[in-house]
Amino acid sequence: MKINLETYPTYKPSGVEWLGEIPEHWEVSRLKNHIDLITGYPFKSEKYTTEGIKLARGINVKEGVFNWDETRYWPALEKHLEDFLLETNDILIGMDGSKVGKNFCKVKESDLPILLLQRVARLRANGSLKSDFLFYNFLNKNFLIWVEMSKTDPMVPHIAPTDIHDFIIPIPPLSEQTAIAAFLDRKTALIEQAIGIKQKQIELLKERRQILIHKAVTRGIGSLSGVETPNVKLKESGVEWIGEIPEGWEVKRLKTLLQEGRDGIRIGPFGSSIKSEILKPKGFKIYGQEHVIADDFSIGEKYIDENDFMRLSNYELFAGDIVITMMGTTGKSKVVPNSIERGIMDSHLIRVRTKNNQAKPEFVSFLINDSEYIFDQIKLRGKGSIMEGLNSSIVKSLHLLLPPLNEQKSILLYIDEINSKFKITISLKEQEIEKLKEYKATLINSAVTGKIKVDNDDK
C-alpha cells in the first residue's frame, strides 16, 4: 500500500539487500552494538507460587503485548536473581515456538516487578538507541525476514541470542528515533481504533444473524414480519423449560424420529476394529470428526480394502445421514452430502438416520449445531461438560422443536438466505480490516527504514 508522505532529500545504499536505500545521514548497524541482551534464569516449576514476583515466561510473551492469563510467581527476590529483574521499556523476545519472531513485547511500569525466565531474551537499549524505536523495528517485516533466515527449524523453531545480536537495523539520530516512535504511536493507535470499530461491527452482525435464526427456528418465519407484535399463534409445548411454541409445531424426542432398528442411531466401530495395519492407500474411505468439523468430506486419505469394508458395513455412511462428533469438539453435526465416496465412519462419530416423513436431516443437524436449547440439553445430560463426550443415549433423549415438514423447508431456505447475506457483509468488513492491517505494516516499515520523513511536528 502506498504511503503518501514526504521523503528525505537524499538517500544512500544500505548495503543490505532486503533493506534497500536509507536516508543519507542514517547509519546501518548490527543490533549487538546498541543493546544489552540476556536470557532468563532456569526457575524450577515445582517452586512456583500463587503470589510474589511475576515470572515472564514464553507463554506470557505474545504478539506485541504481555499476556498474564497464565501467570506464575516466584516467592521472593534473591541476590542471585537481581540480574534477571526487568525494568520499564525492556523488550522481551520469545525464542522458541511456531510464532518465533512474532512473539515479543515491551515492559510497562504497571507490569513490574517481573523476573525473566529462560528461553526468553531481554533486550535493553543503550544510549545510542531508543527503546520505542527498537520496538517498532521488531514490528517491521524485516525482523521476520531475518528470523526466517536465521532460525533453526526442527520440531520446535528456535532463534539464539546471536541471531538477535546480528539483526541489522538502520539507525537515525536520537531525535529522529523519538519523532518516529511518537508518530507511529499516534498513527497505529488510530488504525487500531478503526480496526476495533470494524471488529465490533462484525460481532453485532453475527449477533443480529443469530437472533434472526433463533427466531426462525423457535417461532417460525412469521415471527420475522418486522411488525412489533408478529401474528404467530402460540400454544403450550407441554415441556416446562421450552414454554410456548407456534401452533402446528411439536416437541419430539429425537428417538421418536429415528428409522426403525439399530441403523436409526449407531456409534462408530471401536478403535480396535480399525487398526492402523488395515489402512490402505485407496479403497473404501474412513470418515471421522475432521470431516464434520471442516464441513468437507473430500479431505483425508484413510482407506480400507473391500474385505474390511464388508466386515464393517454396518458403519457405512450414505447421503442424508446425520453425523455428530462425540469427543473433543463435541456435538458438531453435518449431513452427509450426495457426493460422498463410499466408506464408513470411525469410532468418534454417531450416525443418525431420521424418518423421511417427520424431519428433514438438514433441519435436525442445524438444531444440533446452532440451537442453544439443544446445547443446554447436551451439557445437562453430559454431567455439566460436553467435553466428557456424547453417547447415543444423550442424543436420543434430546427434545427437538419441530414445525411441519413444509415449514422446515421454508426455514432452511430462509437460513441459507440470511447466512449468505450476512456472509457477504461480514466478508467486506474483514477485507477492510485486512487493508487497515496492511496499511499499518507498510507505515511502520516505511517509517523505521526512512522511506518516509517524519518530523517532530508530524500529526
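Predicted model: local features only at pLDDT ≥ 70, side-chain atom pairs only at ≥ 80, totals over all residues.
Biologist: Which strand order does the open sheet of 3 strands have?

Modeller: The edge strands of this sheet are β6 (73-74) and β9 (114-116), each of which pairs on one side only. Strand β5 (residues 53-56) is joined to β6 by 2 bridges, and the two run antiparallel. The pairing within the sheet is mixed, and the order is β6-β5-β9.

Biologist: Over the face of which residue does lysine 54 lie?

Modeller: On the sheet, lysine 54 stands opposite tyrosine 73 in β6. A charge counts as sitting over a ring if NZ of Lys is within 6 Å of the ring centre and within 35 degrees of the ring normal. At 4.5 Å from the ring centre, lysine 54 lies over the face of tryptophan 68.

Biologist: Is tyrosine 8 stacked, tilted or edge-to-face in its pair with tryptophan 26?

Modeller: Tyrosine 8 is found in the segment before β1 (11-13) and tryptophan 26 in the loop between β2 (21-23) and β3 (27-30), so their pair ties together parts that are 18 residues apart in sequence. Tyrosine 8 is buried at 6% relative accessibility, and tryptophan 26 is buried at 0%. Planes over 60 degrees apart count as edge-to-face. With 5.8 Å centre to centre and 70° between the planes, this aromatic pair is edge-to-face.

Biologist: Why does the pair of tryptophan 18 and tryptophan 146 count as tilted?

Modeller: Tryptophan 18 is partly exposed, with a relative accessible area of 22%, whereas tryptophan 146 is buried, with 14%. Planes under 30 degrees apart count as stacked, those over 60 as edge-to-face and the rest as tilted. The ring centres of tryptophan 18 and tryptophan 146 are 6.3 Å apart, and the pair is tilted because the planes stand at 55°.

Biologist: How many residues apart in sequence are the parts that tryptophan 18 and tryptophan 146 tie together?

Modeller: Ring pairs link both tryptophans into a cluster that also holds Phe104, Phe135, Tyr136, Phe138, Phe143 and Phe167. Tryptophan 18 lies in the loop between β1 and β2, and tryptophan 146 in helix α2 (residues 141-150), so the distance in sequence between the parts is 128 residues.

Biologist: How many residues of helix α1 are buried?

Modeller: The buried residues of α1 are Ser131, Phe133, Leu134, Phe135, Tyr136, Asn137 and Phe138. Helix α1 spans residues 131-139 and is mostly covered; of its 9 residues, the buried ones number 7.

Biologist: Is asparagine 140 buried or exposed?

Modeller: Asparagine 140 is found in the loop between α1 and α2. Beyond four places in sequence, asparagine 140 touches Ile444, Asn445, Val448 and Thr449. Buried means under 20% relative accessible area. Asparagine 140 has 2% relative accessibility and therefore counts as buried.

Biologist: How many residues does the largest nonpolar core have?

Modeller: In soluble globular proteins, nonpolar side chains tend to be buried together. Leucine 31 is in contact with Leu123, Leu129, Leu134, Phe138, Ile164, His165, Phe167 and Ile169, leaving aside its neighbours within four places in sequence. The residues with the most contacts inside the largest core are Leu31, Leu123, Phe138 and Leu184, and the number of residues in that core is 88.

Biologist: Is glutamate 236 buried or exposed?

Modeller: Glutamate 236 lies in strand β12 (residues 234-236). Beyond four places in sequence, glutamate 236 touches Gly243 and Glu244. Exposed means over 50% relative accessible area. Because its relative accessible area is 57%, glutamate 236 is exposed.

Biologist: Which strand order does the open sheet of 4 strands have?

Modeller: The edge strands are β15 (265-267) and β19 (333-335), each pairing on one side only. Strand β18 (residues 322-325) is joined by 4 bridges to strand β21 (residues 349-352), and these run antiparallel. The sheet has antiparallel pairing, and its order is β15-β21-β18-β19.

Biologist: Which residue in β21 is the bridge partner of valine 323?

Modeller: Strand β18 (residues 322-325) runs antiparallel to strand β21 (residues 349-352). Within β21, the bridge partner of valine 323 is arginine 351.

Conventions: Residues numbered from 1 in each chain as written. Heavy atoms only, no water. Pairing = 2+ DSSP bridges. Buried < 20%, exposed > 50% of the residue type's maximum accessible area, 1.4 Å probe, protein only. Contact = heavy atoms within 4.5 Å. Phe/Tyr/Trp six-rings, centres within 6.5 Å; stacked < 30°, edge-to-face > 60°. Core = buried A, V, L, I, M, F, W, Y, C linked by side-chain atoms within 4.5 Å.
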